[in-house]
Amino acid sequence: MEKNETSVIVNKADSSGSADREPILEVENLNVRIRGERHGKNGIHILHDLSFTVREGERWAIAGESGAGKSMTMNALTALLPEEAVELSGSIRYRMEDGSRVDVLSLPYRERQRLLARQVAVIFQDSINALNPNETIGRQWRDTVLLYRPGMEKIQLEQHLLARMEIFGVQGGSGTLAQYPDQLSGGMRQRIAIAMALESPGRILIADEPTTSLDAITQRSTVDFIKTLLDKSGRTLLYISHNLGILQYMCDHVMILRNGAIVEQGEAAEVFAHPVHPYTQELIRETKKIMG
Ligand SMILES: Nc1ncnc2c1ncn2[C@@H]1O[C@H](COP(=O)(O)OP(=O)(O)OP(=O)(O)O)[C@@H](O)[C@H]1O
Ligand SMILES: [Mg+2]
């Protein structure tokens, strides 16, 4: 399939009050192909003509079934795929702190990665398992801080970590820092992974299924925790999940992906209450069935 057959439905009603805010991320006709010997001369066309605008402070849900292209979208927005493995076209414009707009696709790959590391904080899918099992929490956390603030003095660094642990509800002080990931509970590991992601000064947070590997209670407290952090910091959010319940709770806007294309987007309350695209209607119906 070269192009999505159904045109994108833009659900226009917007009562979230964000329409007059500045766009912080504007994506236009983003296409992504995966290259590689296995995939023939033209590669595989994974994302098809994605276009959407995210304004400062908005919270966007990215929904869709497994394989729809949610993680791939995040990878494209953050330059997380190896350059030789992908071919991107279209534009991805970020607004910088000085108000200028930069199409990151026009930058050389290394420069794009450098810029995005400061612009976007990322919580990876399954990030609780992404912590290195062979290194202490402290070591990994310190390395992350030093990535953004190279040359930070040792004493200052320790004070910074203890203060962040307080903010992120990670108990145990320096004792916890000396432990390895498997010595801590899933909820604690996830808090640490989130805290480490938020060491990035990025004003946009992209979270890919941050709670799937947690039990229901820890899932709820983690979601509440991320919500409180966003309320305090005013960061802009892109939240990827299968879980429409969580997305409805967290987000004010939503885009529905199917087979690598956006089939519907708009204000969350409107899309969830009056889905227009048959696929969105089906997704919501199925969720209601499961939730009872
Ligand atoms: N490295 C790769 N090589 C080839 N195809 C890939 C690669 N990574 C992803 N894909 C394909 O791209 C499509 C989108 O994958 P993606 O991981 O973005 O889905 P997803 O929506 O995040 O799914 P999930 O909900 O299961 O995490 C899928 O068809 C997948 O098979
Ligand atoms: Mg994924």
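The shell around ligand 1 is made up of five nonpolar, seven polar and one charged residues. In this count Ala, Val, Leu, Ile, Met, Phe, Trp, Tyr, Cys and Pro are nonpolar, Asp, Glu, Lys and Arg are charged, and the others, Gly among them, are polar. The model is predicted, so local features need pLDDT of at least 70 and side-chain atom pairs count only at pLDDT 80 or more, while totals for chains, interfaces and linings use all residues. Residues are numbered from 1 along each chain as its sequence is written, and chains are lettered from A and ligands numbered from 1 in the order in which they are written.

**Around the ligand**

- Ligand 1 is surrounded by 13 residues, and the closest are Ser66, Gly67, Lys70, Ser71 and Met72; a residue counts as near if its C-beta atom, placed from the backbone, lies within 6 Å of the molecule.
- Helices (H or I, at least four residues) and strands (E, at least two) are DSSP runs, numbered from the N terminus.
- The largest share of the shell, three residues, comes from α1.

**The nonpolar core**

- The largest nonpolar core has 70 residues, and Trp60, Ala61, Tyr239 and Val254 have the most contacts inside it. Such a core is a set of buried Ala, Val, Leu, Ile, Met, Phe, Trp, Tyr and Cys residues joined through C-beta atoms within 7 Å.
- Helix α6 (residues 186-197) gives the most to this core, with seven residues.
- Leaving out residues up to four places away in sequence, Val254 touches Trp60, Ala61, Ala63, Leu247, Gln265, Ala268 and Val271. Contact means that the two C-beta atoms, placed from the backbone, lie within 7 Å.
- In soluble globular proteins, nonpolar side chains tend to be buried together.

**Helix α6**

- Ten of the twelve residues of α6 are buried, so the helix is largely enclosed by the rest of the structure. A residue is buried if 20 or more other C-beta atoms lie within 10 Å of its own, exposed if 12 or fewer, and partly exposed in between, with C-beta atoms placed from the backbone.
- Among the buried residues of α6 are Met188, Arg189, Gln190, Arg191 and Ile192.
- The buried residues of α6 pack against β7 (120-123), α3 (137-148), α4 (154-167) and α7.
- The end C-alpha atoms of α6 are 16 Å apart, in agreement with the 16 Å that its twelve residues should span at 1.5 Å a residue. The expected span is 1.5 Å times one less than the number of residues.

**Helix α7**

- Helix α7 (residues 216-233) has 18 residues and reaches 26 Å from its first C-alpha to its last, close to the 26 Å expected.
- The buried residues of α7 are Thr222, Val223 and Ile226. They cover an arc of only 100° around the axis, which puts them on the same side of α7; the arc is that of the directions from the helix axis to the C-beta atoms.
- What covers these buried residues includes α6, β8 (204-208) and α8 (244-250).
- The face of α7 turned away from its buried side carries the exposed residues Ile217, Asp224, Thr228, Asp231 and Lys232.
- Asp224 counts as exposed because it has 12 C-beta neighbours inside 10 Å. The C-alpha atoms of Asp224 and Tyr180, 44 residues apart along the chain, are separated by 26 Å.
- α7 is followed by Gly234, whose phi is positive, near 70°.

- Most residues other than glycine have a negative phi.
- Asn29 has a positive phi near 45° and is found in strand β2 (residues 23-34). Asn29 is exposed, with 11 other C-beta atoms within 10 Å.
- Ala79 has a positive phi near 55° and lies in the loop between α1 and β5 (86-95). Ala79 counts as buried, with 24 C-beta neighbours inside 10 Å.

**Two isoleucines**

- Ile44, in strand β3, is partly exposed, with 13 other C-beta atoms within 10 Å. Not counting residues up to four places away in sequence, Ile44 touches Arg33, Ile34 and His39.
- Ile167, in helix α4, is exposed, with 11 other C-beta atoms within 10 Å. Ile167 and Leu229 are 62 residues apart in sequence and 9.2 Å apart in space, C-alpha to C-alpha.
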